[in-house]
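Open the model in your viewer and keep the selection panel at hand. Each stop below says what to select and what is there.

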Amino acid sequence: MSTTPILSVMSLQAGYGEVRVLWDVSLEVAAGELVCIIGSNGAGKTTLMRCLSGLLQPSAGSIVIDGRPMAQATPADFVRAGIAHVPEGRRLFSAMSIRDNLLMGAYLRTDKVGIAADLERIYAMFPILAERQRQDAGTLSGGEQQMCAIGRGLMAAPRVLLIDELSLGLAPRAVELLSETLRKVNATGVAILLVEQDVMNALELANRAYVIDHGRVTKSGPAMGLASDPAICEAYMGLSKAELQ
Amino acid sequence: MTALLTLDGVSRRFGGLKAVDDVSFDVNESEIVGLIGPNGSGKTTLINLITGVHPATAGHVHFDGHDITRQRPYRIARLGLARTFQIVQPFPRMTVVENVAAGALFCGHASDVREARAIAREHLEFTGLADMADRPAATLTLARRKRLELAKSLAMRPRLLMLDEVNAGLNPTEIEEALAIIRKIAEQGVTIIVIEHLMKVVLSISHRLVVLHHGQLIAQGTPRKVVADKRVIEAYLGAKYAAGNPGVSN
Amino acid sequence: MIYLQIAANGLVLGGLYACIAVGFSLVWGVLNVINILHGSFIVLGSYVAYFAYVHLGIHPFISIFIAGGVLYALGYVVQAGIINRVVSAPVLITLTLTFGLDLILNNTMLVAFTADYRGIALAHPLGSLEIGTVFLPGDRVAAMALAILLTILLYRLLRDSTIGRAIIAVRMDREAAALMGVDVKRINAITFAIGAFMAGAAGALLSIIFPISPLNGPVFLGKAFVVCVLGGLGSVPGALAGGLLLGVIESFTSYWLGPERAVTVSFALLLVLLFVRPSGLMGRRGYE
Amino acid sequence: MRSWLALVVIAALVAALPLAGNNYALRLATTVCMYSVMAQSWNFIGGLAGYPSFATAAFFGLGAYASAILQNRGVPMVPAWAGAGLAALLFAAFLGGAILHLRGHYFAIASLIVAEMLREIVNTLPDFTGGGKGVNLPLLKLSVTGQAQFFFYAMLALAVLTVATTIVIHRSKLGFGLRCIQQNESAADIIGINTYAYKTAGFSLSAVFVGVAGAIYASWVNYIDPPDVFDVLISVKPMVMVLLGGLGTIFGPSIGAVILLLLEEAVWRNFLTIHVAALGAIIVVLVLFLPNGLLALIRERSPTKAMAK
């Protein structure tokens, strides 16, 4: 890549207590890129995302955003640096209205005009959210909740949007709609780092992909090239395609 | 063959979410059954229903002739149904030998604490943890804690043992060791249900597979048949992947 | 028509109970800390109003802001400096800690102000209010109205301000709130301080109705407990409903069984409620 | 064996006290024994099972009143004490059935409210209990010194009995099960522990000796009233003592009892008016800096001793 990365991760190690989950993860996201991370359950994807938003302090390695090292940074520092994390399971504030959920995304911003404009932009992007803005977020369907969660992330005006499990538990129609929206968001210049269990969906969406297995990056490259790579079948089903047949 | 465990239309809702939806299958005596499915498919919830941690909202579970559908967990355990947890749950500040002794004391056949400790030491021998016996459980590595879970469950003298992701987070050598122990347990005639996301592991030890997806049972049968099933591949890798790789579908 | 009068008395009392409990409930709901100090905070608020009235001639209704402000500062310091250090520790630790702090504060007040009951005799009482056959002292009604107003203001603050939303967000999901950039420890301290403000304000209002003494701290704390369990944790409307309900229940038990049984009945009610519905009458049971 | 030996030696040493000490020392020793009973008892439910019970005052007051009422109706003193213990035991078993399904704060509050309720009930039944005016107990026909010695030995015997029970429980299936519950209740359930029955047993154990202690106390001071025997501090002090001495240990609670009493005496003598605040300060310091107890501090300094247990 010729552009300098906006997010770069070098030899990251992390875990919970003495349980090591990430052994050695290095990756880069350039400005405006759409990158996906694929790997099986337990490979360390969510742990990686938690490190990238400051929820978990890595035990070794470094995270650099826009040239600034993020050692000891709090989640708020990550938000300020331009990272927004849409967590696995959406984690909306369920008994709070949709509008208030979106406004929570802009918690650290003080530009009232910009916040109002972004709110309108999100409502335009997801009209259903505008329609139901006074309802509690918990009343939304799964797909709508994911829209709200992505909208909440975008309200922080991020430069990189982290999305953990875009399609988990959602109907195919909703996934298509969300994927389409992510393309549009990406086209406005927001880089996206996506963790996704539906391999083909992820690879069709992304420019580049990383395969993570047992806390290590085992493969990376242009997304389309990876689709037919045997490493993917192995990472997901623990079996190579040859063994499957 | 007689069924040791029978699930009949078992369901569990959490609010509007059907975590387990009308699941029925049998497990026969001395069988090793692999329970598989992608992330979030309801495997652990199903185990929780069988062991009484959550009551089923519909359906029945029978174990060895007893209806255990809405029994308290400790009663089900005393009938001979033991489990390990995906997130290992030792008694952290008790020693390794005490953890295992607890299984022997309350569910196995130890008559007092002293005897339970003696029995526990045998199981620690069996699982290769004898050296660690007097250390607090919380100080063990993950791999050893998983083995401790096994030892604790074995001390309960189960007839049916359910292993929830005993290999998650382990490296290949540790997995081999764990599998060897599971095979030894099976040789003693204990019926085993293995929850596992590593297909290779499941295939190598299971007699039969049961596949869950979105809380529903989508396939069951011999391992070879199940892994070639189109719905199973869809569940794991997505519909598009399955469609684009006709070689693996039937 | 005596029942109307009793119900009216109960509602007046209940409005004040709501104000007593709402800060306690907020702290419990957001921080998962039972603030045993709450009763003493209320008494301290009463003393601030008392001295402001006696020495400076400030009407207690105005003093709610002085008392509230003093308590807000005290609450912020106590939470940020002491309780935040163990805020995620087991119940035994946090509960024992606030108990210890309460012993210090209550004893300090005993030494500073003595145990003698004091009272504020307003120079210009508002006289008595007459609605149909129901008679009510004007000052009490005004105090209740202010108490309910404060409770509603707190509700609006939580719903409509950025900081209020952050408090609610922390209550619902600490980690998701942190992902929004919320400094959870700071929100903890602000929440505790707001709880203390409400205690101080309630104390100022109570100063014209109840005698003032450090010995009353546990009494107020007991009311807060009962209201909280009646109304459900951390919910402002719940505290309001629970407060009014407790006021009416106490009022009727005093009439039927005698005033000395009112407290017993309310505690018995609490035990029964804990037994059958630990999440409170209005509370929602969370998923496991 | 070691624990038994230690118990016998300590009990013998303490029992010899009247030979050397004066009445003041005897009063302190009686109080230490009483505190020890309370702390050891709380340890059954709070330390072993991990349930933060505030019900000690309820059991204490209940025992005191049960014994007073029995004696004033002609029951001799010692059977009345036994009756008090039985009353506390039955009450705890009944109460435990109602509140032991609660966890954390809700359990703490429910147990706290119980003492307040009993206090109110006593207040509102003056014909039966003497109400707010309190109640007198029959006097013993003994000299002042004789009485001091009698109640000292009674309290000491109760303390020895409590510690002996602690030693037995620590090694029994019940103690083992309670420790499992404290560390992970759902895992305890899964390995076949009837958690409900175990917790109720632990809670009842935490009541019975406290009930007797309340009864002995009532006879010792001759007069009781609700604020005295249902004082919330009676519920809190055992927790402080156990925190001082170490949660879930055998002798920790008794050591904590000695430490707390010495601290209290020092504060009483020097700062009478702020002795409650001083207790509060002790609690705050303890919780913030020594959550594992003073003994843990000593153990950390000398690791060899910890190994030797």
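Select chain B of this predicted model and show the open sheet of 4 strands, ordered E2-E1-E4-E5. The pairing is antiparallel. Which strands stand at the edges? They are E2(B), residues 17–28, and E5(B), residues 66–67. Each of these edge strands pairs on one side only.

Zoom in on E4(B), residues 58–63, and its partner E5(B). The two run antiparallel and share 2 bridges. Pick His62(B): Asp67(B) of E5(B) stands opposite.

Strands of a sheet pair through backbone hydrogen bonds, in either the parallel or the antiparallel sense. Which sense applies to E7(B), residues 160–164, and E8(B), residues 191–195? They pair in the parallel sense, over 5 bridges. To find one of the residue pairs, select Leu160(B) and its bridge partner in E8(B), Thr191(B).

**Chain B as a whole**

Chain B holds 10 helices and 10 strands. Its radius of gyration is 18 Å, close to the 18 Å that the globule rule gives for 250 residues, so chain B is as compact as a globular protein of that length. Along the principal axes, the C-alpha atoms of chain B fill a box of roughly 60 × 40 × 35 Å.

**Chain D**

Chain D has 17 helices and 2 strands. The radius of gyration is 19 Å for chain D, close to the globule-rule value of 19 Å for 309 residues, so chain D is as compact as a globular protein of that length. The C-alpha trace of chain D spans about 50 × 45 × 40 Å along its principal axes.

Next, pick two of its helices. Two packed helices are described by the angle between their axes and the distance between the axes. Select H13(D), residues 232–245, and H15(D), residues 275–289. Their axes come within 11 Å and cross at roughly 40°. H13(D) and H15(D) are therefore oblique to each other. The crossing is left-handed. Show side chains for Val240(D), Leu243(D) and Leu244(D) of H13(D), and for Ile282(D), Ile283(D) and Leu286(D) of H15(D): these residues make the contact. By class, this contact has 6 nonpolar, no polar and no charged residues.

**Where chain D meets chain C**

Bring back chain C beside chain D. Which pair has the most contacts among the 5 pairs of chains that touch? It is the pair of chains C and D. Their contact takes 31 residues from chain D and 30 residues from chain C. On the chain D side, the elements giving two or more residues are H5(D), H6(D), H13(D) and H15(D). H6(D) gives the most, with 13 residues. By class, the chain D side has 23 nonpolar, 6 polar and 2 charged residues.

Among the contact residues are Leu97(C), Phe99(C) and Ile104(C) of H4(C), and Val276(D), Gly280(D) and Ile283(D) of H15(D). The contact of H4(C) with H15(D) has 13 nonpolar, 5 polar and no charged residues.

**Chain A**

Last, show chain A with chain C. The contact takes 15 residues from chain C and 19 residues from chain A. On the chain C side, look at H6(C), residues 162–172, and H7(C), residues 174–179, which give two or more residues. H6(C) gives the most, with 6 residues. By class, the chain C side has 9 nonpolar, 2 polar and 4 charged residues.

Finally, compare chain A with chain D. No contact joins them, and their closest C-alpha atoms lie 18 Å apart.

Terms used
Residues are numbered from 1 along each chain as its sequence is written. Chains are lettered from A and ligands numbered from 1 in the order in which they are written. This is a predicted model: local features need pLDDT of at least 70, side-chain atom pairs count only at pLDDT 80 or more; totals for chains, interfaces and linings use all residues. Two residues are in contact if their C-beta atoms, placed from the backbone, lie within 7 Å. Ala, Val, Leu, Ile, Met, Phe, Trp, Tyr, Cys and Pro count as nonpolar, Asp, Glu, Lys and Arg as charged, and the others, Gly among them, as polar. Two strands pair if DSSP finds at least two bridges between them. The radius of gyration is taken over C-alpha atoms; the globule rule is 2.2 Å times the number of residues to the power 0.38. Axes are lines fitted to C-alpha atoms, for helices over the stretch in contact, and angles run from 0 to 180 degrees between N-to-C directions. Angles under 35 degrees count as roughly parallel, over 145 as roughly antiparallel, 65 to 115 as roughly perpendicular and the rest as oblique. A crossing is left-handed if the near helix is turned anticlockwise from the far one by less than a right angle, and right-handed if clockwise.
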